[in-house]
Structures are given as C-alpha cells and as structure tokens.
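Below, some of the terms used for a protein model are set against their definitions, one after another.

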Amino acid sequence: MLYHDFLKYKLLDFISSEILVKELNEKLKADSFNIEIPDNKEFGDVSTNIAMVFSKIIDMSPHVLGKKITEELKKNESIKKLEIVGPGFINIFFTDSFWQSQLKELMKKIDTYKYKIKKKKICIEFVSANPTGLMHIGHARGAVLGDTISSILEEVGHDVEKEYYINDAGEQIKKLIKTIIFHINNRTDNKFEMSDDFYPGDYLKEVAKKILEIHKDYSKDENLIEEKVLDLIMKDIKSDLFKIRVDHNSFVSEKQISVKENVNNITKKLEEKNLIYFGYQDKPKSISVEKWQQKKQLLFKSKKLGDDSDRALLKPDGQLTYFMSDIIYHQNKIDRHYDTLLNIWGIDHSGYVKRLKNALEELNKKKKFNFEIKLTSLVNLLEGDQIVKMSKREGKYVTLRDVVKIVGADVLRFMMISRNADKRIDFDFEIIKSKSKDNPVFYVQYAYVRCMSLIKIYNKTFDDDFNKINISNSNLFYLELDEEKVLIKKLCNYFNMIISSANNYEPHRVTNYLFDLARDFHAYWGLGKIDSSKKIILENNIDISKSRLVLAYAISQVIKKGLNILKIDCPEKM
RNA sequence: GGCCCCGUAGCUCAGCUGGAUAGAGCAACUGCCUUCUAAGCAGUAGGUCGUACGUUCGAAUCGUACCGGGGUCGCCA
C-alpha cells in the first residue's frame with residue numbers, strides 16, 4: 001500500500017476502534033484530517049494533524065491523544081521515529097527501506113491503482129459556441145479546461161458525458177442565414193457594409209460560396225440552406241476542436257429540445273408553484289430612462305429567490321429567451337439522471353448562474369442533483385504590451401485554428417489549464433511564436449526525454465537491457481540521498497494529487513505537479529555535475545546505476561501518465 | 001448603485017480546502033558546456049499575503065466592513 005492509504009487506514013482504524021468515536025460518520029472521519037508531506041524535512045517525512053482535529057471531538061488534549069496514537073504507530077517497524085510537536089502535530093519519520101519499497105509499490109500500482117471514490121455519473125457541458133462562425137481563441141480555454149477536467153474525472157473512475165449544446169435556434173441563427181443569403185445574392189460585391197442585421201467577416205462569405213457550389217439546387221430554399229449551413233459550420237468547429245484534442249461524445253441541439261411540449265411542461269410546473277406571471281420587468285440600471293421601454297411578457301419570480309429582478313422567460317412576441325431555453329436544456333439533463341451536472345462557462349455569464357440554479361431547484365425539489373458551474377476568466381491576447389482587441393460583432397478576432405497552427409496543441413493545452421480558472425491568462429504571442437525555452441511544456445517533456453536517454457546510456461555502458469529488469473525484485477538499497485527521498489515522496493503523492501485535482505475540477509494542480517517533479521528531477525540530474533559520485537549512471541558501479549535508474553524510470557512513467565491525462569504529447573526524443 | 005470574480009516578491013502565478021520558518025517561474029546579479037544532450041544545474045537578492053476588525057490553540061486560507069482592479073446588469077449570446 002502507498003504511504004497515504006496505509007496511514008489513513010491505520011489511523012482511522014485506531015480512532016474508531018480504540019477511542020470509539022461512534023457518533024462520527026465515515027465521511028467526516030475520513031475527510032477531517034490531513035496526511036501531508038511537509039516542505040520542511042525537520043517536520044518528518046509525513047505529518048498529520050489528526051490529534052488536533054479529534055481532540056476537540058473527544059475532549060482530550062492533542063498531546064495526550066497524540067501519545068496514544070504514536071504508541072500504536074510505534075508498533076510498525078517501517079517507522080523509525082515519531083514526534084508530537086507544537087500544538088499537536090504528529091511527525092512521522094520512515095526508514096529508508098520503507099521509501100525504497102514504496103517506489104516498488106508505486107511501479108507495481110501505476111497502471112492499476114484503484115482510486116477510492118464513489119463513482120458518479122457526470123455530465124460536463126463545455127464550449128457550446130454558437131454555430132455562427134469560427135471559434136476564436138477565447139473559446140479555447142473553456143474547451144481545453146472542460147476536456148481536461150473530463151479526462152481527470154475519467155481517470156479516477158467516474159462515468160463522464162462530454163456534452164456540447166448547439167445553439168441552433170433563435171435570433172442569431174436567423175441573422176446567420178440572412179447573412180448567408182445576402183452573400184449568395186451578392187457574390188460579386190466585395191464591399192460589405194457593416195450593419196447590425198448581418199454577421200461580418202470573410203468566413204461566412206466562404207460558407208456561402210460552398211453552399212452554392214455543393215448545393216446549387218437548394219439555394220432558394222431557406223430551410224434547406226439553414227440545415228446545410230449549420231452542418232458546415234459545426235463541421236468546422238468540430239474539426240478545430242479535434243485539432244486541440246477536444247472530443248465531445250454528446251451533441252444536443254437546442255432546436256430539437258426547445259419544442260412546444262417542453263416549453264409548456266416547464267411553464268406548467270412553474271405555474272403550479274406560483275413562480276411565473278405576465279408583467280413588466282424592472283428597469284435595469286444600465287439602461288437609460290429614455291431608452292427603457294416597458295413591455296409585458298412572461299416572467300419568472302426570481303426576485304423572490306434572492307435575485308435582483310424577475311427574469312423574462314418569453315420575449316414579448318412569445319419566443320423563448322435564452323433563460324427559458326436553458327431551463328429546458330438543463331431540465332433535460334436532470335431528467336437523464338446524472339449525479340452531477342458540471343458546466344464550464346465564461347465569466348461573462350456569471351449573472352445567469354443564480355437565476356438558473358433558482359429555477360432548477362424549484363423545479364426539482366424532491367430530486368437530488370448536484371449542479372456546479374465553473375466560470376473561466378478571460379484570455380488576453382497580447383502582442384508585446386498591447387492587448388489584441390477582438391470583437392466578434394465587427395468580425396475582428398483571432399481564430400483558434402490560426403493560433404493552433406502557430407503554437408501547436410501541446411503548448412495551447414498546457415497554457416490554458418496551467419492556472420486556476422478564476423485567474424486571467426495573458427497569452428503573449430511574441431513569446432509563444434518564438435517557441436521560447438521558457439515554455440513549461442518543453443521543460444516537462446525534456447525531463448522525460450532525459451530519463452529515456454539514461455536508459456540508453458545504461459544499456460550501452462553495461463551491455464544490459466533495462467527494460468528486462470524486474471523492478472520489484474531489484475535492489476534499491478542505494479537510494480539514500482535526500483534528493484532521492486524527496487523525489488520518491490513526490491512520486492508516491494501522485495495519486496493524491498490526481499484525486500484532489502478531480503474533486504476540485506482543477507487541472508492546474510496536475511500541470512503544477514508535473515512542473516515541480518520535472519524541476520526536482522533536473523536538479524537531481526545536476527548533482528552529477530557538481531559531484532560525479534552522484535551521477536545517475538556510474539560506469540564503475542552497476543548496482544548504484546541500476547537503483548538510480550529505477551528512480552529515473554519511475555519519474556518518466558509518472559510524467560508520461562500525467563501528460564497522457566492532459567492529452568499532451570510525451571515525445572521520446574526532442 | 002446591485003451581484004459575481006480577483007488583490008501573495010519588480011512581473012506572472014502556486015500555496016494540498018484552517019497548520020509549523022509563505023513557495024516557484026520570469027526579470028536582475030554570480031558561477032557551471034573537453035560533462036549521463038546547457039531545451040539544463042547551483043547560488044544571491046527580493047514579502048507588514050490590499051487595509052482593519054472578528055472567529056480559535058493556530059488565518060494568505062473562514063466571517064464582516066472598507067480600499068483597489070475586472071466582469072456583468074432588457075428580449076443579445
């Protein structure tokens with residue numbers, strides 16, 4: 001067993017059997033205390049706050065409780081020293097041979113490790129860009145984040161549906177088709193007056209051209225044109241997503257779902273709960289009195305539930321608002337019986353979170369469902385110090401496909417997830433175009449490549465085949481440097497890191513971990529330059545070389561596994 | 001004005017869900033390429049964690065108020 005599972009099991013067992021904390025439920029027991037690797041090695045290999053946490057509950061001083069716990073742990077021969085210090089931390093020092101065996105344990109489990117989770121059926125919705133044009137760079141963040149979160153959730157064992165909601169109904173589609181038809185009828189006209197009635201940009205001209213080429217016969221039938229246009233644009237979007245390795249396995253069409261039957265259904269349910277009425281909305285602060293026109297429409301009593309204002313469900317002409325169509329879509333998801341609904345939205349949609357949650361809670365009082373919305377901050381595209389201004393309305397934006405062409409999927413993916421979603425990302429074109437060595441992706445990949453080259457050198461030096469070595473039988477006795485222990489501990493923490501990344505929907509924990517691991521490995525490698533006895537491959541000592549190479553190999557395998565989860569390439573050579 | 005997000009080293013960010021002496025990467029300065037690939041390593045310097053109260057054994061982390069930055073506020077998406 002890896003140290004974390006081993007200690008958790010041991011400590012929980014002791015707490016519940018010896019000290020009898022019966023009133024605590026399992027979850028509280030398991031989640032309430034930490035087992036961590038302190039940065040300061042004086043605080044032990046591993047440290048836990050269990051005595052302080054439980055002392056409150058069972059009314060015993062942390063030191064007295066700590067004493068009882070350490071008495072129990074002392075029985076284990078892998079532990080060479082135990083201390084209760086400060087306000088009641090228990091610091092645990094393991095023997096070197098324990099950590100050596102942990103490394104073997106890790107290699108044994110690396111592909112078969114079973115995460116201790118309650119398996120959930122999760123629907124994660126992301127991208128859902130409108131099919132009215134190409135995706136721009138701003139879409140990339142949600143796309144990569146959603147895809148990576150899915151990948152991590154799948155890794156720990158959840159059942160994940162990756163869904164794309166196609167907004168193929170409503171005003172913007174009418175405008176799109178109007179634009180296409182305009183282009184079809186004005187093929188020779190290169191000048192295109194900007195107008196709010198049309199979508200600007202050359203892309204839609206291209207689409208119109210293709211429609212004419214391929215579907216000449218349909219060019220007068222608007223419904224058919226609409227069908228073909230949406231088809232074409234979605235194909236482009238999917239192909240762009242494919243290029244950054246984002247693959248949804250479910251596409252839901254707004255048009256198909258926003259049918260009368262569903263609208264009536266929702267309306268009826270809300271009416272039964274006395275949550276809707278025909279009336280007038282409050283004037284929003286941002287609208288001037290002169291511009292404000294009151295119109296009667298169907299409203300949701302959002303104010304009653306803590307919102308600023310009641311919200312429109314239907315437009316005055318009876319068409320669905322975005323809010324209504326969203327309620328229908330999410331109700332559809334709830335009816336598909338997921339344990340968790342997770343949405344990745346841009347931060348500019350933050351105002352809609354409250355009203356949608358309110359509506360769904362009211363509609364599903366008796367049902368258990370977990371609905372979470374992860375908001376992503378903006379991506380600023382910089383050219384030197386200048387922010388590249390983008391405006392979809394003016395048709396001025398940097399497309400995703402152009403950026404991928406320049407930087408590649410690896411760099412793009414890593415950049416987009418390497419910081420917390422709530423932080424803004426400055427995507428500096430100048431740096432990225434130059435494929436700078438400052439790039440953290442290369443740094444991590446290079447650590448892997450170095451490990452691979454070590455294997456080659458080992459094989460050549462000792463005329464041996466490392467791949468045929470049985471690691472679980474090999475002697476790791478020589479792994480005794482502090483730097484080696486630090487690396488082993490970090491490796492053994494890999495699964496905990498993945499779990500915390502999954503539980504929090506935070507892929508940046510994985511990129512940070514990989515970067516740290518790579519840094520520690522490069523430092524380990526560097527030791528050999530200062531002190532040649534610390535080289536990983538020592539020509540005159542096959543045993544030490546073999547031990548150290550097992551460690552390097554383990555590092556390479558963890559890096560590879562991590563990068564695979566992130567869908568970032570792990571080249572053998574660079 | 002309401003609501004949401006953010007304030008941690010000069011810059012960009014971590015900080016394992018409340019733990020011990022707050023950490024990285026850039027940038028700056030000093031060393032290391034007849035070397036297990038320098039796409040790398042070692043070292044130096046840099047902090048009242050926006051401010052003030054509060055909660056408790058213990059706060060960058062939780063609460064309240066304020067300050068600063070951003071987002072958003074019709075039937076757009």
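This is a predicted model: local features need pLDDT of at least 70, side-chain atom pairs count only at pLDDT 80 or more; totals for chains, interfaces and linings use all residues.

Residues are numbered from 1 along each chain as its sequence is written, and chains are lettered from A in the order in which they are written.

Q: Why is helix 5 called oblique to helix 20?
A: The axes, which are lines fitted to C-alpha atoms over the stretch in contact, of helix 5 (residues 96-109) and helix 20 (residues 542-565) cross at roughly 40° and come within 11 Å. That angle makes helix 5 oblique to helix 20, because angles under 35 degrees count as roughly parallel, over 145 as roughly antiparallel, 65 to 115 as roughly perpendicular and the rest as oblique.

Q: Which residues of helix 5 and helix 20 meet?
A: L103, L106 and M107 in helix 5 meet V550, L551 and A554 in helix 20, where contact requires C-beta atoms, placed from the backbone, within 7 Å. By class, this contact has six nonpolar, no polar and no charged residues, with Ala, Val, Leu and Met among those that count as nonpolar.

Q: What puts the buried residues of helix 13 on the same side?
A: The buried residues of helix 13 (residues 351-363) are R355, L356, N358 and A359, and they cover an arc of only 155° around the axis, which puts them on the same side of helix 13. A residue is buried if 20 or more other C-beta atoms lie within 10 Å of its own, exposed if 12 or fewer, and partly exposed in between.

Note on methods:
Helices (H or I, at least four residues) and strands (E, at least two) are DSSP runs, numbered from the N terminus. The arc is that of the directions from the helix axis to the C-beta atoms. Axes are lines fitted to C-alpha atoms, for helices over the stretch in contact, and angles run from 0 to 180 degrees between N-to-C directions. Two residues are in contact if their C-beta atoms, placed from the backbone, lie within 7 Å.
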